[in-house]
Amino acid sequence: MKLLKKATMFGLMAGFGVSALADNPISTYHYLADPGAAADDDYFYIITDSDDPAPANSNGYKIYALYAFRSRDMQNWTDFGIIYDARKVSGINDIWASGIAVHNGTFYIVFPDGGGGGIGYIKAPAIEGPWTNAVGQGKDKLVGGRGIIGCDGVSWCFDPGIFIDDDGTTYVTWGGGESTSRPNTDNFDIVKLNDAKNAPVGNGSHVKVNNLPTRKMLEASYIHKHKGTYYFSYSTGWQQGAPTIDYGTSNNVMGPYTWKGTILGDPSMNGRSINGNNNHHGIAEFKGHSYVVYHDRRIAKGHNGLEIIPADDGQPKPNEGYHRSVSVDEMFYNADGTIQTVKVTDEGPAQIENFDPYDWYPALTSSKQKGIRSRSNFVQGKAAEHVLLPLSSKESWLRVSGVDFGTAATGFTVEAASAADNNKIEIRTGSATGTLAGTCTLKNTGNKNTYAENKCEVEGLKGIVKQLFLVFKGDRDSTMAIKAWGFEGSGTTPPEPQKPFSGKAWEIPGKIEMEDFDIPGSGRGSEIKSYSENDSDDHGIENGGKSYREDTGVDIYKKATGYVVGYNQSGEWLEYTVNVKEAGDYTMFASVATDNSTASFTLSIDDKSIAEVPVSGDSWDDFVKVKANVTLPAGEHILRFAVTGDWFDIDYMTFAKGKDAKDPDDETIGIKGFRVLGADAVANFDVFDLTGKKVSSFTARNIHEAKKLWRENPQSKNVQGVCIIRNRQNGAVAKVRGNR
């Protein structure tokens, strides 16, 4: 089954089009780098540092502050601006690549003091802060400098990562060193922290990770966990070629780790690496998906039509090597737990739920932007404040995607400062010049630091709007400062659950055609989803298959038996609404084809597992039956078919009443859809070699039995290669190998 993720289909069913997919990078109005990632039940979080202070001709980095973003839907991001600023915090030189974790409602960040002062450790009740020292014991560093833990021989410890395990135990990792004066040590460090008071501090167990292949520079160390396995990932460095993010795995967070491969390739765009290039990443799981964040050079290169933002000194084309952007893409695992190399995309991940406009949002909440700048007002000890500054004499707007207005929006409210008359915000749909829903003229507050509430009426905003634009208009640039906004109205559209494809639940006992899985619903929550795919390419069509439900991206194509779901990979699943006539034992028969012995799938009812089914075979053209005994509850339920072992095709499933029941197809339907004789009757079968010569004849009750008899026939040892078995009565044929 090839896939468009279930969430992607949800977006399409909710009214999204292809353009509703998120655009990388997540911010196009300033230069960001070195992202870290974390997630809780509500939001996906990203922290970054910034290349904004670097001049256009920079040959080095000027990195002083941490920025933060969050999203509910992986498309619309709230930018909180600077959440921690070394220039305003005593004892810190500057801040480079940092790590973030969230546990029980508290956020933790480890950051490197770029001047070689060690690794700082801060905490906050929210991503926007306020952030305070989490080290304790009168220290301001966790590692190095005035820290509790030494750098363990690393002359310049930096790029720390933080990982909090399920039991609350905290681990910090770092690497460092890059020159003759600050040599690397060809390893990373992991330290297990002890608890003290309400913050994890102290010098606990300490190990080195030194058996993973690296090149020269050691940076971007990171730990995450997936299905009980620990993953240690890191940048291979840039001094001996393009950098990659590689990883190893272990069943113990402290290692040892075994190298497995590459998660992310060179982040440069257009296939061209950059002298002095580097790579950095963060990984987190969120609402059933895994995502990797990373930096690239999209804005500085003007990639895919992006507006090139001037450098800090106003020059229009900054050195792309030192002016990076942060992007995000979905990451997928193979059945054996290894990670598929991430495909870097322009679109980014699919939106996984609709945007609720009836909340109060910081101004920099959007899926795409043009012609804007921003200002961070960081004050130590206070939550971050980030202000939107439109370049209103040009094309200037924010886009918000997949907005659910419900019955209808009635008004728009914006908190804004205006240093000029006639500044206004137009609310439009479809594009920056699309249908006008309302206009808010801003009160002149005399300057850009005095804010007022502005209200206006809107019309025509109902249901799900694919793209909503806030368009900024004014005679002069940078005379507005927007702090927050939100809509008023009748509430969001009630969620609509998934539905049976035909409008009626599949009856059990009975047959289920695999290509006719449920139609996804719309709204929020997992109940809207009806399938999940690992990629969006329709491999069935690519390989000459016939189109069927092509808007889903699931690999459906036509074979001799009819439509089948193919190219099934671990992690993919399909759901079907079923109506079980009566509770009890049933036998499930599935028609499958493969040429390997490692394929498999599971079945579950309402998320409760009912069967694990191995699949094996020797031909993609020859469908065989696999079966499993299952116990089903009466009534209407959701049946999930989930792939656990890669590569097989599946045509249909049949449920028969009773344990070890007889396959209903054996009486009336043969392989490839041909009618055969009753189960107790026999038919004549002929066997032909590849030259067309008949090499044997015998009788059997069905083609499955005929294949078995031929494999057991001593005569088959004398025939080389694949043979064809043909039923004389109905013409049904199958391929089979002999017993050589």
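## Walking through the model

Q: Is Lys227 buried or exposed?
A: This is a predicted model, and Lys227 sits in the loop between strand E16 (219-226) and strand E17 (229-235). Its relative accessibility is 78%, and the cut-off for exposed is over 50%. So Lys227 counts as exposed.

Q: What is the phi of Lys227?
A: As a rule, most residues other than glycine have a negative phi. Lys227 isn't a glycine, yet its phi is positive, at about 50°.

Q: Is Met74 buried or exposed?
A: Met74 also has a positive phi without being a glycine, near 65°. You'll find Met74 in the loop between strand E3 (65-71) and strand E4 (77-85). Its relative accessibility is 0%, so Met74 counts as buried.

Q: What average pLDDT does the protein have?
A: Of the residues, 83% score at least 70. The average pLDDT for the protein is 83.

Q: Which residues of helix H5 are buried?
A: H5 covers residues 703-712. In general, an α-helix has 3.6 residues a turn, so residues three or four places apart point the same way. The buried residues of H5 are Ile703, Ala706, Lys707 and Trp710.

Q: Within what arc do the buried residues of H5 fall, seen down the axis?
A: These residues line one face of the helix. That's because, looking down the axis of H5, they fall within an arc of 100°.

Q: What covers the buried residues of H5?
A: The cover includes several strands. Among them are strand E44 (619-632), strand E47 (683-688), strand E48 (694-700), strand E49 (722-727) and strand E50 (733-737).

Q: Which residues form a disulfide?
A: The structure holds 1 disulfide. One partner is in strand E31 (residues 435-441) and the other in strand E32 (residues 452-457), 16 residues apart. The sulfur atoms are 1.9 Å apart, and the pair is Cys440 and Cys456.

Q: What is the angle about the S-S bond in the link of Cys440 and Cys456?
A: Both Cys440 and Cys456 are buried. Their link is left-handed, with an angle about the S-S bond of -95°.

Q: How many residues of E7 are buried?
A: E7 is largely enclosed by the rest of the structure. The reason is its burial count, which is 7 of the 7 residues.

Q: Which residue in E7 stands opposite Phe111?
A: Strand E6 (residues 106-113) and E7 run antiparallel, joined by 7 bridges. Across from Phe111, the residue in E7 is Gly120.

Q: What is omega for the peptide bond from Gly129 to Pro130?
A: Pro130 lies in the loop between strand E7 (118-124) and strand E8 (132-133). Most peptide bonds are trans. The bond from Gly129 to Pro130 is cis, with omega near 5°.

Conventions:
Residues are numbered from 1 along each chain as its sequence is written. This is a predicted model: local features need pLDDT of at least 70, side-chain atom pairs count only at pLDDT 80 or more; totals for chains, interfaces and linings use all residues. Side-chain values use heavy atoms; hydrogens and water are left out. pLDDT is the predictor's confidence in each residue, from 0 to 100. Buried means under 20% relative accessible area, exposed over 50%, partly exposed in between (1.4 Å probe, protein chains only). Helices (H or I, at least four residues) and strands (E, at least two) are DSSP runs, numbered from the N terminus. The arc is that of the directions from the helix axis to the C-beta atoms. Contact means heavy atoms within 4.5 Å. A disulfide is a pair of cysteine sulfur atoms within 2.5 Å. Two strands pair if DSSP finds at least two bridges between them.
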